[in-house]
Amino acid sequence: MSNYLESANQILNKIIALYSNIALMMGELKTIEFSDIYLLLIRWVFPVLAVTIFVRCVLPLLRSEPYNTVWGYLQVPDSIKIPLQHWENSIGRSKLSDIVINLPFVSRTHAVLSFSAGTWSVFDLGSKGGVLVNDERIVKSKTVKDGDTISLAGAEFRLLAPEDGPEQQENPAAWFSRFSHHFSSGKTLFMIFLFQFLGGIQIYFSMGQDANPKLLGIFLAFILLEASYFLFMMTYTRKYIELELLAFFLCGINLFVVASAVPDQIAKQLIAIVCGIAVFIALGLLIRDLGRARKLKYVFVFGALVLLVLNLTIGEVRFGAKNWINLGFMSFQPMELIKVAFVMAGTATLDKLLTTRNITAFIGFAGACIGALILMRDLGTAVVFFAAFLVIAFMRSGDLRTIAYACSGAVLGAIAVVSFLPYVASRFEAWGRVWEYANTIGYQQTRTLIAAASGGVLGVGGGNGFLVNIPAAANDLVFGLVCEEWGLIVALITVLIILFFAVLAVSLMRECKSPFYAIAACGAAAIFLVQAALNVFGSVDLLPLTGITLPFVSNGGTSMVTSWALLAFIKAADDRGRPDREGVGD
């Protein structure tokens, strides 16, 4: 009997222990915040959405137009008609010419045939044989009408304008377009909305008792702004919208970063995004007309020189560099805005490119900008300007010797700067071995590396990172912050989008109506690419930390407005129209 009682007692004790454990577990479950359950459920959603959005935006932008626009023809007497597919067409013996005339008496770069505002003009590029229009030799340029005869050192052609306006010819390079699947821009935008809405809720939960409903209002206002822009563009234009969708995605990441690191500045950042979009639209409209864009170039250069003088005289020193102007009610970085003028200064139409091998004026302007940056002790931005200068100078001249001389001078200048500016030298001192200076000059980078590693593939969740406690987390170290809170996949997609801007600019070069737009797009892309490289590689110690922002992602009003303005140059180079049946597809 006693054995039965002992067995029953053991069973009872086990049941009591089991219920105690269950009660303990229930008590622990009660302490779990709803935000933890929310994060557990959706942490896989963010990288999947990010990758899907990227793919759905990139594929349509990589497609070629199924048809080429023909603006006119050059007809060899009683023979073939040569289509004119650009606003500016180079004619000469060189294989790089748009129209190659392989005759010994024709110069390598003989003439340019230009179409503007419905009128054709021919420009003599200093050829030996000269250019005649209706048997009359031109001095520099002359307007050409339908049916006029153009003679290039004896080689005669007749200009023919299409009877019913510009014609369409099938583009053999558009094979990818015929086999690529069309993605609905509306569905892609909805995915962006979902990403931003879920991310905003995640950050709101992470704030706990400090959560402010105003935060969700900011994200809702931004989503409404995106929807309004989308509806307007789909109603009144026929251009691809995917480029702006990628920028919207990056701006959403920017709001996540600001809400997590400096939530009191999120309203100001939203205003900066609104201003940036307004500048993007305005600049795109202004440079749509090539003649107006050429005049606007000089206005931009004059404004940039004024800003340079003001920055050097009344600029404030922040974080070791004199690159801020404080107006009392607001402060801004003039050199960010000058990036837009710098790109405009480097642009040129084809007749100027091929007749003016000397780019002294642009070199002088570039030298003034870079020299001013050195005086301001802003070496990182000077590197960005110099890289953009190399790209634009090469596109303008095609002269590798000029680029080699410029690079040689830059190396000597960099050695001098490192030698005479101790604070710059300290950045190089810690480069590649920041762990040896973990508590001094390598403090920011070591904490960024720790944060990026702790985030893993999926991240710890928006607002849950520790890197926000490190100075410049939302600016110079923003890549590490995105890695920590949103995961490596989302961070890499962010960088890949900026890299894609450069790929797109290069791919659009051949189809640009004018070199003016090609140079502007590639100059803007060079700035994006170099800034991204300096920011990302600098924060993880692959390059010295330079204090350069990541376009569209880092906190900062001036940087955001400038990023949208530079994107307008890439948008202007893309003259393709979206398919008529928008919304059909997956």
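First, the ground rules. The model is predicted, so local features need pLDDT of at least 70 and side-chain atom pairs count only at pLDDT 80 or more, while totals for chains, interfaces and linings use all residues. Residues are numbered from 1 along each chain as its sequence is written, and side-chain values use heavy atoms, with hydrogens and water left out.

Let's start with the sheet. Helices (H or I, at least four residues) and strands (E, at least two) are DSSP runs, numbered from the N terminus. Two strands pair if DSSP finds at least two bridges between them. Here, six strands make an open sheet with antiparallel pairing, in the order E3-E2-E12-E11-E8-E9. Which strands stand at the edges? E3 and E9 (136-137) do; each has a single partner strand, so one side of each is left without a neighbour in the sheet.

Now E2, residues 72-75. Four bridges join E2 to E3, and the two run antiparallel. E2 and E3 form a hairpin, with five residues between them. In that turn, aspartate 78 has a positive phi of about 55 degrees.

Glutamine 75 is worth a look. Its bridge partner in E3 is lysine 81. In E12, glutamine 75 stands opposite arginine 158.

Lysine 81 has a ring contact as well. Its charged end sits over the ring of tyrosine 73, 4.5 Å from the centre. The criterion: NZ of Lys or CZ of Arg within 6 Å of the ring centre and within 35 degrees of the ring normal.

Valine 133 has glutamate 136 as its bridge partner in E9.

Next, aromatics. Rings of Phe, Tyr and Trp (its six-membered ring) pair if their centres lie within 6.5 Å; planes under 30 degrees apart count as stacked, over 60 as edge-to-face and the rest as tilted. The whole structure has 24 aromatic pairs. One of them is tryptophan 87 with tyrosine 517: edge-to-face, 6.4 Å centre to centre, 65 degrees between the planes. Tryptophan 87 lies in the loop between E3 (81-84) and E4 (88-92), and tyrosine 517 in helix H19 (residues 515-539), so the pair ties together parts that are 430 residues apart in sequence. Are these two buried or exposed? Both are buried, meaning under 20% relative accessible area, with exposed over 50% and partly exposed in between (1.4 Å probe, protein chains only).

There is also a ring cluster. Ring pairs link Phe222, Tyr229, Phe248, Phe280, Phe501, Phe528, Phe552 and Trp564.

Finally, helices. Axes are lines fitted to C-alpha atoms, for helices over the stretch in contact, and angles run from 0 to 180 degrees between N-to-C directions. H8 (residues 266-286) packs on H20 (residues 557-573) at about 25 degrees, axes 8 Å apart. The two are therefore roughly parallel. The cut-offs: under 35 degrees is roughly parallel, over 145 roughly antiparallel, 65 to 115 roughly perpendicular and the rest oblique.

H10 (residues 334-346) also meets H20: the axes come within 8 Å and cross at roughly 15 degrees. That makes H10 roughly parallel to H20.

One last residue. Valine 391 is found in H13, residues 379-397. At 28% relative accessibility, valine 391 counts as partly exposed. Its C-alpha is 9.6 Å from that of glycine 346, 45 residues away along the chain.
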